[in-house]
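Have a look at the sequence and the structure first.

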Amino acid sequence: MYKALNYWVFGGFTGEKTPYEFIDFAASQGLDGIELTVGDALPADITEAECKKIASYAAEKNVGLRTLATGFYGTCSLGAADEAERLRAVEFSKKYLQIGAWLGVKCVLMIPGATFVAWDLSRPVVPYAVVWENSRKSIKELLPVAHQLGVDIALENVWTRFLLSPMEWKIYLDSFDDPAVGIYFDAGNCCLNGRPEDYVGILGKRIKAVHLKNFEGSDCAGGLHGFGDDLFKGEVDFASLFAALKKIGYEGTFTVEMIPFSRLPDLVLPDQQLAEKVTKQLLSL
């Protein structure tokens with residue numbers, strides 16, 4: 001297993017820790033890799049030279065850079081009804097793919113679209129059919145760039161009331177008929193609607209990368225506060241999940257992404273103590 005940690009728990013949402021500090025932390029903890037984030041760990045206007053410098057430093061420390069993430073799509077959607085917003089998302093995604101190529105990652109995380117953003121009620125509600133068509137249009141525009149750069153597009157299952165089941169994901173991904181686009185499967189995020197192992201069995205080779213966190217469904221299925229600060233506390237059956245991934249021959253990344261909404265309204269990141277805790281839990285798997 002390639003075991004990695006996402007930047008946010010260690011460095012927060014405002015880039016309080018440098019990529020070099022995160023690489024040093026990962027090396028000291030014995031992790032295989034890290035997942036940097038564009039918009040905080042890395043500025044969106046980062047240069048090729050700086051990306052190559054970060055990649056070289058990571059290689060020196062024997063820390064992998066296989067995936068890349070961003071929080072950008074929470075405020076600018078590839079499936080937006082507003083054409084100007086959709087085009088902004090496409091233009092960002094082109095640069096995002098380029099950053100990924102400069103760093104040498106295998107895939108970048110994208111969110112295809114949202115009918116509703118649970119954590120930002122100021123965002124517009126968009127009809128499902130509109131998100132379906134516009135997000136597909138955007139991703140088709142991005143695929144030539146992905147091919148040119150050799151970086152895959154990994155679409156994450158998130159709480160956006162879009163693509164709510166593994167069968168929807170299968171139909172959606174297969175509509176592109178392109179191996180450069182797949183799912184960045186988040187095992188914790190899917191617990192609201194189903195079991196992680198069922199997603200794996202249906203989506204198979206479409207899975208590009210895996211996020212690990214946990215979710216406790218209480219209060220009639222639960223809300224965002226179900227995402228806690230303990231990797232092992234919740235509904236994810238790791239034995240069943242890993243067995244399902246082994247069955248499909250998955251050999252990609254396992255990256256812990258901890259955003260403990262259970263601490264709201266007092267969520268504070270970065271949290272190095274939590275980063276150390278979940279790293280130990282991850283390494284014990």
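This is a predicted model: local features need pLDDT of at least 70, side-chain atom pairs count only at pLDDT 80 or more; totals for chains, interfaces and linings use all residues.

Residues are numbered from 1 along each chain as its sequence is written, and side-chain values use heavy atoms, with hydrogens and water left out.

**The overall build**

The protein has nine helices and eight strands; these are DSSP runs numbered from the N terminus, with helices being H or I of at least four residues and strands E of at least two.

Buried residues make up 54% of the 285, where buried means under 20% relative accessible area, exposed over 50%, and partly exposed in between (1.4 Å probe, protein chains only). Take the contacts (heavy atoms within 4.5 Å) with a separation of 6 or more: 76% of them come from residues 24 or more positions apart.

Strand β4 covers residues 107–110. Cys 107 and Leu 109 point one way from it, Val 108 and Met 110 point the other way, and all are buried. In a regular strand the side chains alternate between the two faces of the sheet.

On one pairing, β4 runs parallel to strand β3 (residues 64–70) over two bridges; pairing takes at least two bridges found by DSSP. Leu 68 has Val 108 in β4 as its bridge partner. Strand β5 (residues 152–156) is also parallel to β4, joined by four bridges, with Leu 109 partnered by Ala 154.

Helices come into this too. β3, α4 and β4 make a right-handed β-α-β unit, and so do β4, α5 and β5. Right-handed here means that, with the strands pointing away from the viewer, the path from the first strand over the helix to the second runs clockwise.

**Salt bridges**

Count a side-chain nitrogen of Lys or Arg within 4 Å of a carboxyl oxygen of Asp or Glu as a salt bridge, and the total is 17. Here are some of them:

| Pair | Closest N and O atoms |
|---|---|
| Glu 141 and Arg 86 | 3.3 Å |
| Lys 213 and Asp 186 | 2.5 Å |
| Asp 229 and Arg 263 | 3.2 Å |

Glu 141 sits in helix α5 (residues 128–149) and Arg 86 in helix α4 (residues 83–103), 55 residues apart. Buried or exposed? Arg 86 counts as buried at 1% relative accessibility, whereas Glu 141 is partly exposed at 32%. Salt bridges with shared partners join Glu 83, Arg 86, Lys 137 and Glu 141 into one network.

Lys 213 lies in the loop between β7 (207–212) and α8 (238–247), and Asp 186 in strand β6 (residues 181–186), 27 residues apart. Both Lys 213 and Asp 186 are buried.

Asp 229 is in the loop between β7 and α8 and Arg 263 in the loop between β8 (253–256) and α9 (272–283), so this pair ties together parts 34 residues apart in sequence. Asp 229 is partly exposed, at 26%, and Arg 263 is partly exposed at 27%.
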